[in-house]
Amino acid sequence: MFKAIKKKLICAAIASCATLLGSGVNAADMTLRGASLFDNEHAYSKTLIKFGELVNEASDTDIAFDLRGNSELGIEPDYVNFLTKGVAIDYAIIAPSNLARFAPSLPLMDMPFVFRDLAHWNAVLSSDVLKPLEEELLDKADLMIIGYAGGGTRNLISANAISNIDELTGHKMRVMGAPIQARVFQAIKAAPSAIAYSEVYNAIQTGVVDGLENESASLLQYKFFEVAPHVTLTQHSITVRPIVMSGKSFRKLPEELQQIVLQAGKEAGAYGRELESSEDALKLEEMKSAGQIEVHEFADRDKLLELVTPVQDAYAEELGAQELLEAIRAM
Ligand code: X1X
């Protein structure tokens with residue numbers, strides 16, 4: 001009885017909102033739409049599915065989570081546009097570098113070489129140290145970080161073998177669009193260019209670039225090994241992948257549901273981090289055993305770190321974020 005009354009009140013609240021994306025009150029009480037670059041086997045999609053399950057377990061409102069995978073709704077920069085405008089989707093997982101256009105400090109949270117190892121990455125993500133970046137994103141783009149997924153280790157993936165710093169000189173590689181990404185790879189003498197993720201396979205195939213940098217799960221799904229079968233263990237990044245919700249969608253939710261969404265985002269993020277970080281090496285091994293990739297040790301990781309640290313410092317200084325970078329390093 002109480003549940004039914006509560007449900008009616010929530011429905012009334014929802015109906016009075018203009019549209020929850022996808023508009024709707026249909027068979028379910030409402031629909032929230034998500035987007036993923038990948039199919040349901042990838043850790044990002046599994047994380048977003050988990051998010052929906054957790055919300056529905058905790059809520060009396062019956063919510064249809066309409067997750068559009070396989071880049072059906074475009075790639076992450078498209079998701080950012082949709083979410084800031086409050087159209088087409090309500091939530092997605094997005095690389096911090098794809099948020100830089102709206103909030104230039106965001107890529108600081110997973111720029112190459114910022115984490116020493118998985119334990120450091122875990123400590124940072126289990127703390128509140130990234131709060132100032134979350135506030136900047138909310139303030140400048142009306143986007144809320146409701147949880148942190150990620151946990152893939154990014155390596156170089158290339159058409160030709162690379163195993164030391166000299167072989168990196170002039171290496172034409174694709175990087176994500178945030179300027180700090182190009183600056184880091186320029187500092188190590190590579191020749192980076194920003195290319196949309198959906199164009200990278202063709203760019204390698206046609207010789208526009210010789211490779212990219214990516215984590216195992218995504219290398220496997222996008223089959224970059226077909227054109228770039230060499231993986232060099234530079235281990236330059238451990239991914240941080242915020243689960244981002246449009247502020248416009250969030251504010252349309254009844255207050256009780258907002259709390260449930262925040263809690264579910266946090267828990268889904270933790271689930272996603274555990275999942276991706278535990279699968280990462282296995283997926284690399286899987287591709288190696290299948291003869292899809294050749295894995296090369298990298299001799300000069302310490303030299304890369306030396307070259308990149310001043311670039312990180314300069315970037316933090318430009319943003320007025322030196323204290324934040326120090327706090328991350330000190331953890
Ligand atoms: O490099 C990219 O643009 C993409 O790489 C993987 O697919 C993911 O980490 C994704 O978030 C995006 O950053």
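Student: Leaving aside its neighbours within four places in sequence, which residues is Ala103 in contact with?

Tutor: Ala103 is in contact with Glu136, Leu137, Lys140 and Ala141. Two residues are in contact if their C-beta atoms, placed from the backbone, lie within 7 Å. Keep in mind that this is a predicted model, where local features need pLDDT of at least 70, side-chain atom pairs count only at pLDDT 80 or more, and totals for chains, interfaces and linings use all residues. Residues are numbered from 1 along each chain as its sequence is written.

Student: Why is Ala103 called buried?

Tutor: A residue is buried if 20 or more other C-beta atoms lie within 10 Å of its own, exposed if 12 or fewer, and partly exposed in between, with C-beta atoms placed from the backbone. Ala103 has 20 other C-beta atoms within 10 Å, so it counts as buried.

Student: Where does Ala103 lie?

Tutor: Ala103 is in the loop between strand 3 (91-93) and helix 4 (118-125).

Student: What makes the ligand lie between domain 1 and domain 2?

Tutor: Domain 1 (2-103 + 118-149 + 241-278) and domain 2 (155-237 + 282-330) both give residues to the shell around the ligand, so the ligand lies between them. Those domain bounds come from an automatic or database domain assignment. Among the residues around the ligand are Glu76, Tyr197 and Arg241; a residue is near a molecule if its C-beta atom, placed from the backbone, lies within 6 Å of it.

Student: How do the residues of that shell divide?

Tutor: There are four nonpolar, three polar and three charged. Ala, Val, Leu, Ile, Met, Phe, Trp, Tyr, Cys and Pro count as nonpolar, Asp, Glu, Lys and Arg as charged, and the others, Gly among them, as polar.

Student: Which residues touch the most other members of the largest nonpolar core?

Tutor: Of its 89 residues, they are Ala92, Ile94, Leu106, Phe224, Ile243 and Val244. Domain 1 and domain 2 both give residues to this core, so the core lies between them. A nonpolar core is a set of buried Ala, Val, Leu, Ile, Met, Phe, Trp, Tyr and Cys residues joined through C-beta atoms within 7 Å.

Notes:
Helices (H or I, at least four residues) and strands (E, at least two) are DSSP runs, numbered from the N terminus.
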